[in-house]
Amino acid sequence: MVEYRIDRRSGVATYLQIVQQTQQALRLGLLEPGDKLPTAREVVEATAINPNTVLKAYRELEREGLVEARRGLGTFVRRTLGAAAPADSPLRAELADWARRARAAGLDREDAAALFGAVLDENFPKEDQ
């Protein structure tokens, strides 16, 4: 089950953080079709956000066709996203090693993210999307 982490200082709307974290979990294979998302009440208890915010995020995910609400049962994953490497893949291990080297070289999280983003932009041009 996914556990949402809300960063109140990020400037990203809370409901979008939930949407993005769910999408990431789908891309990484942490959520699969048939899996149940946490209830709005569980998310509220874990994050101290408004229940309507959770419901808005779940409605957006439903609009995208990623989840479906089943009355009285909860919200369930309908489909996954992308073809990301699973948590135990060699690509992930290489990326983790790169992140450790970047940190040892003195880069902070934002520096590493900017460098990685630049490399992604070079290797995955916008017209590929």
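This is a predicted model: local features need pLDDT of at least 70, side-chain atom pairs count only at pLDDT 80 or more; totals for chains, interfaces and linings use all residues.

Me: What makes Phe-116 partly exposed?

Reply: The relative accessible area of Phe-116 is 32%. This value lies between the limits of 20% and 50%, and therefore Phe-116 is partly exposed.

Me: How many aromatic pairs does a search of the whole structure find?

Reply: The search finds one aromatic pair. Its members are Trp-98 and Phe-116, whose ring centres are 6.2 Å apart, which is within the cut-off of 6.5 Å.

Me: Why is the pair of Trp-98 and Phe-116 called tilted?

Reply: Planes under 30 degrees apart would be stacked, and planes over 60 would be edge-to-face. Here the planes stand at 45°, so the pair is tilted.

Me: Which parts of the chain does this pair link?

Reply: The pair links distant parts: Trp-98 belongs to helix α4 (residues 90–104) and Phe-116 to helix α5 (residues 109–123), 18 residues apart.

Me: What makes the link between the side chains of Gln-23 and Glu-64 a polar contact?

Reply: The distance is 2.8 Å, and the cut-off for such a pair of N or O atoms is 3.5 Å. Gln-23 lies in helix α1 (residues 14–27) and also touches Leu-61, Leu-66 and Leu-81.

Terms used. Residues are numbered from 1 along each chain as its sequence is written. Side-chain values use heavy atoms; hydrogens and water are left out. Helices (H or I, at least four residues) and strands (E, at least two) are DSSP runs, numbered from the N terminus. A polar contact is a pair of N or O atoms within 3.5 Å; within protein, one must be able to donate a hydrogen and the other to accept it, and residues adjacent in sequence count only if both atoms are side-chain atoms. Contact means heavy atoms within 4.5 Å. Rings of Phe, Tyr and Trp (its six-membered ring) pair if their centres lie within 6.5 Å; planes under 30 degrees apart count as stacked, over 60 as edge-to-face and the rest as tilted. Buried means under 20% relative accessible area, exposed over 50%, partly exposed in between (1.4 Å probe, protein chains only). Lists of a residue's contacts leave out its neighbours within four places in sequence.
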